Amino acid sequence: MTTMRDVARVAGVSAKTVSRVFNDDPHVTEETRDRVRWAMQKLNYVPNLLARSFRAGADAAVGLAVPDIADPFFAAMTSSIEVDLVGRGMAVVVTSLGHGDQGAERERSFLEALLRRQISGLIVACVSADQSYLAPWQERTPIVFVDRAPKGLSGVYVIEDDLGGAREAVTHLAGHGHRRVAFLGVSTPVTTTRRRLKGYRSAVAENGLHDSPDLICMPAESAEESAAELVKRLEAPDAPTAVFSSNIPCTMALVLALQQAERTDVAVVGFGDFPMAAALAPAVTVVDQDPAGLGRIAVERLVQRIEDPQAQPRRRTVLPVHLIPRGSGELPPA
């Protein structure tokens, strides 16, 4: 691999001079710049700016860790964060942590690998039940938690109104005559699921709906397995007539499972919008999030901490969500 020293040798200058050219030092003569550029072109050399920033401990790189980059919510949030940071002249290193037990096991090693590179900051949507191991890292590297609050330590975080959104979804179904509303989720320690379950239970109590353990369906780490189990429960004599799905993967898996079972009589409201949700039949009613806005505010909080490490930033930010009726959530009880 061609190095900076190779460029310096071919250009007949020192490695320090090559570095000054890369950094646009105004004291370098135009003749020297041309020689260095000629040497770079001759050797097909591309400067690894990200690696240089890591070695120097500069503020040119930010780590971003999410559970799954393929998830439409996290994909939109990641895109927003990348655009924002690149526009500020910063590089972004993205990693997927994974879901369930596997993600929880990988989280610490993945995040510490990023932090050991002396990145200038970290934005993370954690998947494990305890982030106390990040306490010593937080002393030297600004960290902003996104979509879910950290557990086991105090930190800056940006989340959405999981409680309010879940309550609105279940109240909406109750308003269309449903008395037995199921909760669909995955078995996970992630706080978003727990908060949405709490909001579901609040709405069940407030609206006088049936409240029984069989209406809460979160038997597995896989959205597909949980959705398949819920569809089986629809065959029971006292089956739910409506479902509140707690996240996008669960909603997508549920819609497919219902179509395969030829069940078009079950009302569905999902937390989070996803591509093609409005084009399905019936179109899917959702509690709409703003992943791009979530990303923008996370970047603002992080940059504030990078620019002024001694500042006391706003620790907790909760963004509103709102329900979009499209058809599936307005079906009457069968």
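Is Asp214 buried, partly exposed or exposed? Asp214 counts as partly exposed, at 36% relative accessibility, where buried means under 20% relative accessible area, exposed over 50%, and partly exposed in between (1.4 Å probe, protein chains only). The points below set this residue beside other features of the structure.

1. Basis of the note. This is a predicted model, in which local features need pLDDT of at least 70 and side-chain atom pairs count only at pLDDT 80 or more, while totals for chains, interfaces and linings use all residues. Residues are numbered from 1 along each chain as its sequence is written, and side-chain values use heavy atoms, with hydrogens and water left out.

2. Overall form. The protein has 12 helices and 12 strands, these being DSSP runs numbered from the N terminus (helices H or I, at least four residues; strands E, at least two). Along its principal axes the C-alpha trace spans about 85 × 40 × 30 Å, and 51% of the 334 residues count as buried.

3. The nonpolar core. A nonpolar core is here a set of buried Ala, Val, Leu, Ile, Met, Phe, Trp, Tyr and Cys residues joined through side-chain atoms within 4.5 Å. The largest one has 30 residues, and those with the most contacts inside it are Met77, Ile81, Leu85, Ile123, Val146 and Leu294. At least two residues of this core come from each of strand 1 (61-66), helix 5 (72-87), strand 4 (143-146), strand 5 (156-160), helix 11 (248-260) and helix 12 (291-307). Helix 12 gives the largest share, seven residues. In soluble globular proteins, nonpolar side chains tend to be buried together.

4. A search of the whole structure finds 15 salt bridges, each defined as a side-chain nitrogen of Lys or Arg within 4 Å of a carboxyl oxygen of Asp or Glu. Asp214 forms a salt bridge with Arg180, and the closest N and O atoms of the pair are 3.1 Å apart. This pair links distant parts of the chain, 34 residues apart, with Asp214 in the loop between helix 9 and strand 7 (216-217) and Arg180 in the loop between helix 8 and strand 6 (181-184). Arg180 is buried, with a relative accessible area of 14%. Another salt bridge joins the side chains of Asp162 and Arg195 (3.6 Å, N to O). It also links distant parts of the chain, since Asp162 lies in helix 8 (residues 162-175) and Arg195 in helix 9 (residues 191-206), 33 residues apart. Asp162 counts as buried at 1% relative accessibility, whereas Arg195 is partly exposed, with a relative accessible area of 23%.

5. Other charge pairing. Arg88 forms a salt bridge with Asp84, with the closest N and O atoms 2.8 Å apart. In this pair Arg88 is partly exposed, with a relative accessible area of 41%, whereas Asp84 counts as buried at 19% relative accessibility. Side chains of opposite charge can pair when their charged atoms come close.

6. The negative patch and helix 10. Asp101, Glu105, Glu221, Glu224 and Glu225 gather in a patch of negative charge on the surface; patches of this kind are made of residues with over 30% relative accessible area and no salt bridge, with like charges joined within 9 Å. Helix 6 (100-115) and helix 10 (223-233) each supply at least two residues of the negative patch, and Glu225 is found in helix 10. Ser226 also lies in helix 10, but counts as buried, at 0% relative accessibility. The C-alpha atoms of Ser226 and Val186 are separated by 6.4 Å, although the two residues are 40 apart along the chain.

7. Backbone points to check by eye. Most residues other than glycine have a negative phi, and most peptide bonds are trans. A cis peptide bond joins Ala281 and Pro282, with omega about -5 degrees, and Pro282 is found in the loop between strand 9 (267-271) and strand 10 (285-288). Asp147 has a positive phi near 75 degrees; this residue is placed in the loop between strand 4 and strand 5 and counts as buried at 3% relative accessibility. Glu262 has a positive phi of about 55 degrees although it is not a glycine. Glu262 is placed in the loop between helix 11 and strand 9, and counts as exposed at 69% relative accessibility.

Methods. Patch = residues over 30% accessible without salt bridge, like charges linked within 9 Å, V, L, I, M, F, W, Y side chains within 5 Å. Areas by Shrake-Rupley, 256 points an atom, 1.4 Å probe, with all protein chains shown as cover. Lys, Arg positive; Asp, Glu negative; His and termini not counted. Charge placed at Lys NZ, Arg CZ, Asp CG, Glu CD.
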